[in-house]
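Dear colleague,

Please find the structure below, together with its sequence. A short account of the findings comes after it.

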Amino acid sequence: GVEQGAVVPLAGKFASGIMRSRFNPKDGQLYVCGLNVWQSDASKFGCFNRVRYTGKPVTQPIAIKNTSEGVSLTFTSPLDPKSATDRENYSVERWNYRWTGEYGSPDISVANPKKKGRDLVLIEEITLSPDKKTVTLKLPDMAPVMQMKIKYRLKNSDGQDVDQEIHSTINKLPGASTAGR
């Protein structure tokens, strides 16, 4: 009952930042547009692009589920079991921001809110679902957090690299209260 979100970069290079995307119901294609904003390496001030499916397999996360025990990432296609269950192929960081009347905030430790910076999270265990599409990372001290970044360097079942990161916000964990947040 609480909105939460996660983002993963869209594969491809665009002439400008991408802020809006829609599937056209007539042709089924994805259309994206956007503007060049701060922290962008865009070559143009604005753009309008069509993203077409080439028929090649795409391995992207399509779901993230947070629990009191950790995080599950579900992908569009099966992963290579050896790479998907190797802790060396992941890094997890968490941090919050400080709410103030000022613009912006430094990254603030979740473990020690008086300290600036991000907390590295050690992965306790990794499991892969029988269909090889869902990786579950058992993480300690799961709690609401403004930012969690999971980077991974995996391979899909065809041996293709899956080198991405996903950023998420955890506003509430199942069965937990949002009081104090």
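Predicted model: local features only at pLDDT ≥ 70, side-chain atom pairs only at ≥ 80, totals over all residues.

Residues are numbered from 1 along each chain as its sequence is written, and side-chain values use heavy atoms, with hydrogens and water left out.

The search of the whole structure found 0 disulfides (a disulfide being a pair of cysteine sulfur atoms within 2.5 Å). Cysteine 33 is in no disulfide, and its nearest cysteine sulfur, that of cysteine 47, is 7.3 Å away. Cysteine 33 is partly exposed at 29% relative accessibility, whereas cysteine 47 is buried at 15% (buried is under 20% relative accessible area, exposed over 50%, partly exposed in between, with a 1.4 Å probe and protein chains only).

The largest nonpolar core has 23 residues, of which Tyr90, Leu137, Leu139, Ile150 and Tyr152 touch the most other members (such a core is a set of buried Ala, Val, Leu, Ile, Met, Phe, Trp, Tyr and Cys residues joined through side-chain atoms within 4.5 Å). Strand 11 supplies the largest share of this core, 5 residues (strands are DSSP runs of E, at least two residues, numbered from the N terminus). Beyond its neighbours within four places in sequence, tyrosine 90 has contacts that include Ile123, Val135, Leu137 and Ile150 (contact means heavy atoms within 4.5 Å).

By class, 9 nonpolar, 5 polar and 3 charged residues line the second largest pocket (Ala, Val, Leu, Ile, Met, Phe, Trp, Tyr, Cys and Pro count as nonpolar, Asp, Glu, Lys and Arg as charged, and the others, Gly among them, as polar; a pocket is an open set of points on a 1 Å grid over the protein atoms alone, where a 1.4 Å probe fits, with protein on both sides within 12 Å along at least five of seven lines, and lining residues have an atom within 4 Å of a point).

Yours sincerely

How values were computed. Helix = DSSP H or I, 4+ residues; strand = E, 2+ residues; numbered from the N terminus.
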